[in-house]
Amino acid sequence: MTGTLSQKRLAVLGAGKIGGILLRAFLQKGLIAPNQVLATVRHPDRARAFSEQLHTPVSTDNRAAARAADIILLCVKPQTVREVLEEIRSEVTAAKLVVSIAASVPTQYIEKHLSAKVPVVRAMPNTPCGIGCGMTGICKGAYAEESHLEAARALFETVGRTVVVDEKHMDAVTGLSASGPAFLYIILESLAEAGVKVGLPRDVATLLAAQTMQGAARVVLETGDHPALLKDGVTTPAGCTIDGILELEEGKLRVTLIKAVVKATQRAGELLFDK
Ligand SMILES: NC(=O)c1ccc[n+]([C@@H]2O[C@H](COP(=O)([O-])OP(=O)(O)OC[C@H]3O[C@@H](n4cnc5c(N)ncnc54)[C@H](OP(=O)(O)O)[C@@H]3O)[C@@H](O)[C@H]2O)c1
């Protein structure tokens with residue numbers, strides 16, 4: 001590990017889908033050495049299998065992992081957060097940093113279930129973190145300083161981009177960039193189906209759709225141009241693209257995507273029942 005995270009020991013509590021993706025990526029990128037990390041899961045058989053895969057200690061003992069760590073990355077489901085916090089609370093001092101990626105769980109809730117005034121940072125990553133192309137929204141709790149935010153940013157910037165937001169926006173980040181890959185896979189799959197419909201082999205159609213989606217996203221990120229302006233640049237008067245756009249408008253693609261993000265955002269606010 002370098003810089004802000006140098007010599008820090010990390011505990012990944014709940015190394016499931018996203019926790020596992022992050023842990024693998026941190027190890028692969030050399031952000032953390034295998035002997036500086038401890039991970040936990042609920043089931044002992046999964047702990048054994050995961051430990052063999054990653055060559056790093058994985059157990060079911062949250063308390064021991066929290067005791068040994070400087071940074072505790074909480075990756076369990078929102079409904080399990082309280083149980084885990086109660087388990088580790090005697091081990092978590094104000095000298096440690098708790099980073100939670102649980103959707104819907106406010107920093108205040110985490111602070112309330114720990115005994116000391118522990119710095120808490122809430123983060124919302126997405127699955128493309130697994131290939132270093134993730135997007136993570138981050139905010140800090142009442143006892144976290146800039147240095148804690150920087151430590152969390154350093155963690156997630158090894159696996160993609162980060163943005164610091166007010167906590168009130170975290171459900172929106174969840175609905176847009178954490179759920180977003182699923183929405184985009186559906187769009188990508190549909191474009192590939194379309195390619196098949198117009199005669200392309202499926203592998204070629206999928207490549208065309210995926211590389212086009214990546215290219216369009218990179219142009220937005222690299223130029224900073226408004227997507228509408230970029231769309232106009234593709235759309236020749238009386239050409240093919242405008243006919244396709246007409247179909248998209250008739251099919252209400254825009255409003256459907258807006259409603260998908262709104263619904264996902266609303267749901268993100270409901271996952272934790274005992275706020
Ligand atoms: N999936 C995403 O794209 C995504 C993105 C951003 C944030 N998140 C957030 O990440 C969290 C996990 O989501 P997920 O999709 O990764 O779920 P998941 O695959 O079900 O992972 C949850 C993990 O928690 C472990 N676990 C359950 N109870 C535990 C306990 N008491 N102590 C230690 N570990 C325990 C489970 O262990 P076993 O494997 O033994 O069952 C499992 O490995 C959620 O809060 C979600 O909101 C997810």
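Q: Which element gives the most to the shell around the ligand?
A: Start with what counts as near: a residue is near a molecule if its C-beta atom, placed from the backbone, lies within 6 Å of it. Elements are DSSP runs numbered from the N terminus, with helices (H or I) of at least four residues and strands (E) of at least two. Here H4 gives the most to the shell, with four residues. Before going on, note that this is a predicted model, where local features need pLDDT of at least 70, side-chain atom pairs count only at pLDDT 80 or more, and totals for chains, interfaces and linings use all residues. Residues are numbered from 1 along each chain as its sequence is written.

Q: How many residues surround the ligand, and which are the closest?
A: The ligand is surrounded by 28 residues, and Gly14, Gly16, His43, Ala102 and Ala103 are the closest. Helix H1 (17-28) and helix H4 (78-88) are the elements that give two or more residues to this shell.

Q: How do I read a nonpolar core, and which residues touch the most other members in the largest one?
A: A nonpolar core is a set of buried Ala, Val, Leu, Ile, Met, Phe, Trp, Tyr and Cys residues joined through C-beta atoms within 7 Å. Buried means that 20 or more other C-beta atoms lie within 10 Å of the residue's own, exposed means 12 or fewer, and partly exposed is in between. The largest core has 64 residues, and Ala11, Val12, Leu13, Ile72, Leu73, Leu74 and Val99 touch the most other members. H1 supplies the largest share of this core, six residues.

Q: What should I make of a positive phi?
A: Most residues other than glycine have a negative phi. Serine 104 is not a glycine, yet its phi is positive, about 75°. You will find serine 104 in the loop between strand E5 (97-100) and helix H5 (107-112).

Q: Is serine 104 buried or exposed?
A: Serine 104 counts as buried because it has 21 C-beta neighbours inside 10 Å. Alanine 238 also has a positive phi, near 60°, but alanine 238 counts as exposed because it has 6 C-beta neighbours inside 10 Å.

Q: What is the strand order in the open sheet, and which are the edge strands?
A: Two strands pair if DSSP finds at least two bridges between them. The open sheet has eight strands in the order E3-E2-E1-E4-E5-E6-E7-E8, with mixed pairing. Strand E3 (58-59) and strand E8 (160-164) are the edge strands, each pairing on one side only.
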